[in-house]
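This report walks through selected local features of a structure, one region at a time. The sequence and the model follow.

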Amino acid sequence: MDTNRYRHYQEKDFLADDFFYKWVSSPDAASDAFWQAYLSDFPEKTEEVARARAVLLDMLSIIKKKKATPERKSRVWSHIASATIDPGVSAKPRPYRPLLSGRRRMVAGIAATLLIGLGIWTVFFSAPFETYQTAYGELKEIELSDGTIVNLNAHSSLKFKKNWRKTLVREVWLTGEAFFDVRSKAETAASFIVHTDDLDVEVTGTAFNVKSHAEQTIVVLEEGSVRLNVQKEGADTTLSLLPGQKAIYDARQMSRVELSEVETRRYSSWKEGVLIFDHILLEQAVVRLEEIYGKVIVIEREDLQKRKINVSIPIHNKEVLFETLETLFSAKVTEEQDRILIQ
Amino acid sequence: MSHSSELAAAWEQFTSQGSTGAYEKIYREISDALFSYGHCFTEDADLVDDAVQEVFIDIWKRRHRLSKVEKVRPYLFQALRNKILTKLSRRNRYTRFQESVEKPAFVASCENEIIAQEEKNDRLQMLENAIQHLPNRQREILFLRFFEGYPYSEIASMLSIQPQVARNLMSRAIKKIRSHFIENAEKFWMILLLPSILSFF
């Protein structure tokens, strides 16, 4: 293209030009080369070009800003799903749809089997639970009988009934943190439920992270879809997550679940034995480390309180962790009986 | 753009097989754009939400008849536009823009973002307010141009107008924004910055 074409252009003409717009919004080597050539041919146009660019860039940043929060998008999707793909209006009859959840369902199930026979009741009720537990600083990878893979983080436990029959809802009980890669039971459409203290996570064929500690429960969805059920007085909520979303339920606030959109890898990297701290405050990183290592970490230096940390570290290796902290902050890290000091 | 081919692939799966995964993917791919587009016509978030919902419920019901649709984005935008305008015509359409206490529709909920530079923040805030004051048609043009990145020819065919008309609407929008800046540079420090704001336009 000939730069002469733009020889008499003014700011308003640049603004109306498709090629100019493309260059500003998504520049590439070719368009860059062209406009550089244009400016060297007609240097008197530098200011007009600069002004037009500035207008376009501002408009792009304003108009491209998202208008819908993750909460809003999720809420609308919940309504859409319940009117289309979810409720009883679909063509395929679902073999099992839990009407109640958690303990209430277990109770209903027990009541039903009581009618069938005491012998069966004994087997059902006293079916042994299988428990997996991890110590501080330990990670475990577990494969469940249906092919679901669970990565269990440090100081966490996973419990489930040993006899998992294909047609029943698959349930596990979690304390701490785990990453679930759930095998979809397409034939039976049996769902998978993770019970934590504060809420239940209901899924069908999906990859997600659940972190349940004292006051907060955090669920991050990578793929597929999950539904969260919170049943607490005053906070009775059901919410569907979309991939890339993170939901936090804070028991202290007992209010609605908070949603945001996140880089899911940051929340599940620990299963590869790596923790990713991406520009977060040292204070926050320390909370995470405390949960994993089980020791209080004290930051004795005031200047480090508000420092940000941007690093990936291996979980298994405490020495590397300490070295990294020492190098990053020119600090001294000492481990005592019940705590770790950063000085 | 890889996005449009992903959307096209999902649409294909959705209309030919009725795949629920593809249906959700379509929502995921286009929901941001739909909400933004919806707010070209009204500040009312509930109305836009209802309209988006209805569009999706409609396409679900009619999925088997939709394989002929070639360009998915314009199709869904058109559907949303019709829904919203119908809803608006049913109620009192005279909506004078109010300086209400609620956030203007074009201000995204940015609790997660802290914009570092005060100056940039304020100038962009002014820009948002200016866009707020534009008539619907001009906001639509801005959306199609800056959010979707459509060339004037495409915009023209979507709105059933001549490309030159689209260009005129755009320049009228920008002129209006310019005069909004001039009228509203009330704050003292803004007045000091006035020369640079004008030259920036």
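## A hairpin in chain A

A:Gly147 has a positive phi near 95° in the hairpin of β2(A) and β3(A), where five residues lie between the strands. Strands here are DSSP runs of E with at least two residues, helices are runs of H or I with at least four, and both are numbered from the N terminus. β2 of chain A covers residues 140-143 and pairs with β3(A) in the antiparallel sense over four bridges. Two strands pair if DSSP finds at least two bridges between them. A:Glu143 has A:Ile149 in β3(A) as its bridge partner.

## Basis of the model

This is a predicted model, in which local features need pLDDT of at least 70 and side-chain atom pairs count only at pLDDT 80 or more, while totals for chains, interfaces and linings use all residues. Residues are numbered from 1 along each chain as its sequence is written, chains are lettered from A and ligands numbered from 1 in the order in which they are written, and side-chain values use heavy atoms, with hydrogens and water left out.

Most residues other than glycine have a negative phi. A:His155 is not a glycine, yet its phi is positive, at about 55°. A:His155 sits in the loop between β3 (149-152) and β4 (157-161) of chain A. A:His155 counts as partly exposed because its relative accessibility is 39%. The classes are buried (under 20% relative accessible area), exposed (over 50%) and partly exposed (in between), with a 1.4 Å probe and protein chains only.

A:Ser330 also has a positive phi, near 50°. Its loop runs between α10 (318-329) and β17 (333-335) of chain A. A:Ser330 counts as exposed, because its relative accessibility is 62%.

## Chain A overall

Chain A holds ten helices and 18 strands. Of its 343 residues, 47% count as buried. The accessible surface of chain A is about 17,500 Å², with 51% of it on carbon and sulfur atoms. That area comes from the Shrake-Rupley method with a 1.4 Å probe. Among contacts in chain A with a separation of 6 or more, 51% join residues 24 or more positions apart. A contact means heavy atoms within 4.5 Å.

## One cavity

How many cavities of 30 Å³ or more are there? The count is one. A cavity is a set of points, on a 1 Å grid over the protein atoms alone, where a 1.4 Å probe fits but cannot get out; lining residues have an atom within 4 Å of a point. The largest cavity has a volume of about 40 Å³, taken as the space filled by probe spheres set on the points, with grid points joined across faces, edges and corners.

The lining includes A:Asn153, A:Ala154, A:Ser156, A:His213 and A:Arg288. β5 (170-181) and α9 (282-293) of chain A each supply at least two lining residues. α9(A) gives the most, with three.

## Helices of chain B

B:Ser36 belongs to helix α2 (residues 20-38) of chain B. B:Ser36 is buried, because its relative accessible area is 1%. Leaving out residues up to four places away in sequence, B:Ser36 touches A:Lys65, A:Lys67, B:Phe143 and B:Phe147.

B:Phe143 and B:Phe147 are among the buried residues of α6(B). Ten of the twelve residues of α6(B) are buried. This helix (residues 136-147) reaches 15 Å from its first C-alpha to its last, close to the 16 Å expected. The expected span is 1.5 Å times one less than the number of residues. Just after α6(B), B:Gly149 takes a positive phi of about 75°.

Conventions. 1 Å grid on protein atoms, 1.4 Å probe; cavity = no way out; pocket = protein on both sides within 12 Å on 5 of 7 lines; lining within 4 Å.
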